[in-house]
Amino acid sequence: MTLRAVELFSGIGGFAAAVAGCDVRVTAALDQDPEALESYRLNFPEHPIRRVDLERVTAWELTSLDAELWWLSPPCQPYCERGARRDLDDHRTRSLIHLMDLLERIPPEKRPRHLALENVAGFVTSRARGRLIPLLGCLGYHLRERLLCPTELGVPSRRPRYYLAASLSPLAPERATPCIPLRPLAGYLDPALIETAPTELLLPEESVVRFGSGLPILDPADLSAVTTCFTSGYGRSLVNAGSYLRCGSRVRRFAPEEIIRLLHFPETFRFPEGMSLRRRWGLAGNSLSVVAVRELLSAFPELTVTS
Ligand SMILES: C[S@@+](CC[C@H](N)C(=O)[O-])C[C@H]1O[C@@H](n2cnc3c(N)ncnc32)[C@H](O)[C@@H]1O
């Protein structure tokens with residue numbers, strides 16, 4: 001039976017990519033960022049998109065989407081270890097709080113049977129989670145929480161994230177994460193960028209001299225190379241935003257399309273023509289690990305998820 005899902009905070013469609021090939025129909029993808037939605041539409045044209053401020057969405061708007069599963073990827077900045085961690089006091093938490101309030105007010109028969117959420121690891125100790133978990137418990141949801149990093153699934157890229165699966169029906173028995181050997185980083189890189197790269201990807205030589213020893217610079221041929229987590233600030237900030245690569249005698253940034261590949265989006269994924277490099281980095285850095293989401297979704301017995 002086809003499961004109807006709504007993708008809240010859809011971005012460029014990490015959830016859509018994770019359920020591709022599963023018996024899931026995305027009845028709507030909601031986000032407030034027009035460029036993210038443009039990218040989403042290009043890659044998942046069969047999924048209806050809506051530009052919506054989720055701080056203001058109404059219960060009627062949500063329930064009329066008739067979804068059995070709500071997927072949520074709310075903004076992570078309020079809980080990021082490197083940020084101010086203002087949590088519930090950060091204005092970017094308001095949309096999640098609003099959705100929690102709506103969930104409580106929606107009549108029980110209209111509530112989604114399943115709900116899943118992804119966020120940064122810092123969410124675990126947040127006050128936002130401290131409100132969400134008891135609320136879902138009171139509403140009768142069975143819950144499973146876990147931290148998972150794509151490296152545990154053989155992907156040479158660190159992106160530890162908090163995942164929550166909630167269901168009004170019992171969840172599937174917990175299974176051990178399969179032990180998958182780390183794949184070589186080179187397999188994710190654009191072969192045309194191994195020796196030379198366009199200037200826009202190269203780090204200025206003075207930055208390498210000045211910060212080089214503090215930067216995570218990887219050798220593409222290193223079979224044990226693992227990237228640090230790419231953030232939406234990659235390309236804007238030099239440090240704590242992601243890894244770099246040796247490229248001949250220079251050092252380069254990863255192309256946004258290589259980051260997308262590390263997230264395990266399908267090979268067919270494209271950004272809209274003419275979208276700036278910064279915007280592509282921003283959207284890729286905001287997105288999620290498709291393989292990790294597939295692993296999480298295996299908690300829902302009704303979903304047959306292909307790995
Ligand atoms: C962490 S990103 C999620 C990215 C998504 N999972 C993906 O695969 O690209 C958070 C998203 O929430 C959106 N967002 C933030 N606040 C919002 C709001 N109040 N209403 C709607 N969308 C919002 C942002 O535009 C961004 O795309």
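The C-alpha centres of domain 1 and domain 2 lie 27 Å apart. These bounds, 3-174 + 288-297 for domain 1 and 185-284 for domain 2, come from an automatic or database domain assignment. The contact takes 22 residues from domain 1 and 19 residues from domain 2; two residues are in contact if their C-beta atoms, placed from the backbone, lie within 7 Å. On the side of domain 1 that touches domain 2, α1 (14-19), α2 (34-43) and α9 (290-297) each give two or more residues. α2 gives the most, with six residues.

The model is predicted; local features need pLDDT of at least 70, side-chain atom pairs count only at pLDDT 80 or more, and totals for chains, interfaces and linings use all residues. Residues are numbered from 1 along each chain as its sequence is written.

The protein has nine helices and 10 strands. Helices (H or I, at least four residues) and strands (E, at least two) are DSSP runs, numbered from the N terminus. The radius of gyration, 20 Å, is close to the 19 Å that the globule rule gives for 307 residues, so the protein is as compact as a globular protein of that length. This radius is taken over C-alpha atoms, and the rule is 2.2 Å times the number of residues to the power 0.38.

The ligand is surrounded by 21 residues, the closest being F9, G11, G14, D33 and S73. A residue counts as near if its C-beta atom, placed from the backbone, lies within 6 Å of the molecule.
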